[in-house]
Amino acid sequence: MRPLTERDPIEGLVPLSRERTRVLSEYRSSFFVDSGERVLERRIVRINFHCNQACDFCFVSRELPPIDHEIIEREIRDVAERGATLELSGGEPTLNPRVVEYLRFAREVGVRDLELQTNAIKMADPAFAAELVGAGLTRAFVSLHGTTAAVCDRVTAAPGTFVRTVAGIRNLLAGGVAVRLNFVLCGYNVAELPTLPAFVRDVLCAGLPDARVDANFSFVAASTDNVPRDTKLIPRFSDVAWALEAAHTAALERGLVWTGFESKCGVPACYLPLGLREAHFAHDLPDEERARATGFTKAPVCATCELDRRCYGIRTTYAEMYGVDELRPIRGGEVTSAAAQRSWADSVGGSPDREQVQLRAGLRELMKKERPSREEAERTATVAREAGLFAAVFAEGPRTIAFVAPTPEIVAEAMALEPASVASFHDRRPLVLRMGALLGYPACCVEAFADSAEQSDRALVRRLAEAQGDRSFGPERNWVAAHLRAFSHFPCSPGCEATAELGRRTLAAIAAERPTYAAALDRALRSVAVLGEDGQFALLEGAVRDGEGFVYERVLSHDNLGLDPGARASAAFAQFRASVVQVLTRGDRVIRAPHALRVERQGALVGEIPRNGGAPWLLDFTGGARAARRLPMFEEARDAAPELKLQLDSPCGQGCEFCSIPLARVSAPDPGALLRSIEQGAAEGQRALRLTGIDPLAFPSIVPLLAAARERGFASVELHGPTTRLDAALLDEILAVAPERLRFHVPVYGADAATHDAVVGRSGAFDRVIAALDALASRAVPVTLHTVLTPRVLAALPTIVALAQQRALPFAADLPFPDTESPDDAFHRVSLPQRAVAAALVATSLDVRALASVAGLAPCVLHAALHEVEPPRAAALVALRRGPSPATGIRTSTVKCRHADRCGWLGLCSGQLLRSYVGVYGDEEFVAL
């Protein structure tokens, strides 16, 4: 918006009315963008203010009268003279009877970049759409705020218009108009943001092969007084971060270009996935734009953010509603969201140097490190010398190599051998054999390489793939994953036993030094590999044979493995990513067919990967494992057996973000009283024991207590609590005395240390939990993973579920609950509206029983979220007869739901609501079913 100037038409001394002043100040606005080459001005000209929809978040004053025709023409001419971009807008500009005339006029006066901002309702008439195209329209910015009529018509408050908007978009696309969809994310359509890419492909572009569609993202904002400051309309950034992540992934899978995240209507950079942040916050805001950007606020920490000059911050009105505590600085390219593109290696604490491990284990005498420059090679040599090794740099022509060995004699020999490696084929054979021996390669493999006329990597890959065929090998023979495999050479054959022995010994050496990493490496290598023609690969982690194909849990490839940036930047890998990796990511079963790899999900075909000339190959390194019964993602509700519950409130040493229990005042219960409870329970016929509390494993008498339970006839124990204290010695003590059936319930709040440790407030906690899980797995102790759905955890939910699937563990989730009635309780900071939780869970496509088992989630809220997406799944809730109460296990008070006396679904719900929850969010989202 702009103030009035002398250019505005003021006749004589007649004062302007307030209404007239508003018209002249609101009919146009400008902003500036950095294209990477120069700063460009974009001018929005509103040719009317009224509209045929009534979106709650619309900031335009729809009651204002029309703008004078002469003012609009003058503005269009000025845009042409300035070389700016023109965006004709409203209200709804197609309601101005002169819209076609303005389009034609803009072209006549020389506007080169022209866009019409519209809801496309009138374009449902093919004749009107054709008239706009005839007037010179080539690009349209179309508002579409949902992918279903129920949601979109609710947002626009205009029933029936969704169908007409879709028809209008298709008419524009058929006429050759490039369409940019504008999706304004608000509290009512969060769950539909991730579905937009599929909707574009499957609905808007269906049957239109030349259609050009991209998308613009906007976040609802109270940018003017026309927009109510309603928390149901304007959600927190933290409530919708999961949707941004899911939408980003879906857009990548379907090739949809998405813009606007960095705009005034976007979101702060610290709430974007890494890929979006890198793409959209590449340039500082132009000085002209920074000077005009009013109505925004930043937190003090923003001054330390590396993207400070590229980000507007948040709307001042948003800060007045929610504060600025959600903002945090981005430093050194860190990944904000736990579910963002974090590398596999980082998630397991970083990859050890395979060759250094072999050198320390006596499996090789020499390391040969090829580097892109002499400076890099010298740095490698310096690091080696600091570690007590000997090193030298060989640099000749394009080859730069650092040789590292435990003795100077071996380094000197390698330096002498390397120049001769370019000798004639026969002359260099003995030199190749000697170099291979120093590097620890099996003699049979070195001889095969030395005798082969085809020594390119591509030829070796093809030879090995064809030789392996349909045979299944174990992870120690996985030769495909070049940067992860347990050896550095190409084996002479897929079944080479010498290579397998080297692989086994290398993996054992890694396990001795890094057991947690070794377990993750074993899962990655124990996979089915999809191998491309030029060595690109994808690992189907968790794969097992299932009939004619393989089912798998997730896809690992160069992107999320964080490997070989040169390969990732190549055109060949870009093609492999688009045609192979993204297709595999959509499914969970792959079948080898004669001319293609078929990819399925839940029995439905989601894509095919053509097999041209034998590639891509499907290579089995699972060791012949076959699929067993697939575990549910979430632990299903079971009939409750009579059990004795004992609470062992011992200090845990953590500070979880959802917990308000003052640990300093926590004291362990009296062991004598606990023993009497066990004796009384046994006398009453109880045979199941549940140990809970802040950290039962911190209770000094935990082992004698379990022994007493076993002696008195208890047959099972469910132990809930952190496992950060569970080392192998304590576990063995517990197993020696505990009742026969023992299950650990282990809380996990992220699939990586950064997220989990941030939630629990304790550095190193995640590594201790993973070590405990490894110890439990090695002793075949049943485990259920648990989590509490705070905003941070909800954003990481897909990766946490993936972690559970990797380990074949059932998984359970709870909503946060208050520890006290105080308004300072952590519940008020970390709880989420149940509708936001339900939308996020429904977007994961979990089955109905899994969704209904989320403790604390009211079935009516879940039903509403399901019904918006898939009514049959919502109807399936009727078949369930029980479910966790929203009040289960809480320490604070509840209130009766106002629908409890007339709701037919009390079999799934206690009819009670947390008093603290109602105080924060009200009870309007709960309805009678």
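**Strands, rings and cavities**

Mentor: Start with a right-handed β-α-β unit, made by S25, helix H26 (residues 728–737) and S26. Keep in mind that this is a predicted model.

Trainee: How do S25 and S26 run, and how many bridges join them?
Mentor: They run parallel, and five bridges join S25 to strand S26 (residues 741–747).

Trainee: Which residue in S26 is the bridge partner of Val717?
Mentor: Leu742 is the partner of Val717.

Trainee: What about S24 and S25, in which sense do they pair?
Mentor: Strand S24 (residues 688–692) pairs with S25 in the parallel sense, over four bridges. Ala688 has Ser716 of S25 as its bridge partner.

Trainee: Which helix goes with S24 and S25 in a β-α-β unit?
Mentor: Helix H25 (residues 702–711). With S24 and S25, H25 makes a right-handed unit.

Trainee: Why is S25 called largely enclosed by the rest of the structure?
Mentor: Count its residues. Five of the five in strand S25 (residues 716–720) are buried, so the strand is largely enclosed by the rest of the structure.

Trainee: Which residues are on each side of S25?
Mentor: Ser716, Glu718 and His720 are on one side, and Val717 and Leu719 are on the other. All of these are buried, so both faces are covered.

Trainee: New topic, aromatics. How many pairs does a search of the whole structure find?
Mentor: The search finds 11 aromatic pairs. One of them is Phe217 with Phe261, and that pair is stacked. The distance is 4.8 Å centre to centre, with 10° between the planes.

Trainee: Why does that pair count as stacked?
Mentor: The cut-off for stacked is planes under 30 degrees apart. The angle for Phe217 and Phe261 is 10°.

Trainee: Where do Phe217 and Phe261 lie?
Mentor: Phe217 lies in strand S7 (residues 213–219). Phe261 is in the loop between strand S8 (258–259) and helix H9 (274–280). The pair therefore ties together parts that are 44 residues apart in sequence.

Trainee: Is Phe217 buried or exposed, and what about Phe261?
Mentor: Phe217 is buried, at a relative accessible area of 0%. Phe261 also counts as buried, at 3%.

Trainee: Which residues form an aromatic cluster?
Mentor: Phe219, Phe237, Tyr318 and Tyr322 form one cluster.

Trainee: Which ring does the charged end of Lys122 sit over?
Mentor: The ring of Phe128, with the charged end 4.6 Å from the ring centre. Arg154 lies over the face of Tyr188, at 3.9 Å from the ring centre.

Trainee: On to voids. How many cavities of 30 Å³ or more are found?
Mentor: Six, from a search of the whole structure. The largest cavity holds about 140 Å³ of space.

Trainee: Which residues are the closest to the centre of the largest cavity?
Mentor: Phe237, Lys264, Gly266, Ile314 and Arg315, out of the 22 residues that line that cavity. Two elements give two or more residues to the lining: strand S10 (314–315) and helix H11 (316–322). Phe237 is also a member of the aromatic cluster.

Trainee: Backbone next. What is phi of Ala120?
Mentor: Near 65°, a positive value in a residue other than glycine. Ala120 is in the loop between strand S4 (114–118) and helix H4 (126–134). Ala120 is buried, with a relative accessible area of 0%.

Trainee: And Ala780, where is that one?
Mentor: In the loop between helix H28 (765–778) and strand S27 (783–788). Ala780 has a positive phi of about 55°. Ala780 is exposed, at 65% relative accessible area.

Trainee: Last one. How many residues of H31 are buried?
Mentor: Eight of 10, which leaves helix H31 (residues 834–843) mostly covered. Among the buried ones are Gln834, Val837 and Leu841.

How values were computed: Residues numbered from 1 in each chain as written. Predicted model: local features only at pLDDT ≥ 70, side-chain atom pairs only at ≥ 80, totals over all residues. Heavy atoms only, no water. Phe/Tyr/Trp six-rings, centres within 6.5 Å; stacked < 30°, edge-to-face > 60°. Buried < 20%, exposed > 50% of the residue type's maximum accessible area, 1.4 Å probe, protein only. Lys NZ or Arg CZ within 6 Å of the ring centre and 35° of its normal. Pairing = 2+ DSSP bridges. Right-handed = clockwise from strand over helix to strand, strands pointing away. 1 Å grid on protein atoms, 1.4 Å probe; cavity = no way out; pocket = protein on both sides within 12 Å on 5 of 7 lines; lining within 4 Å. Points joined across faces, edges and corners; volume = space filled by probe spheres on them.
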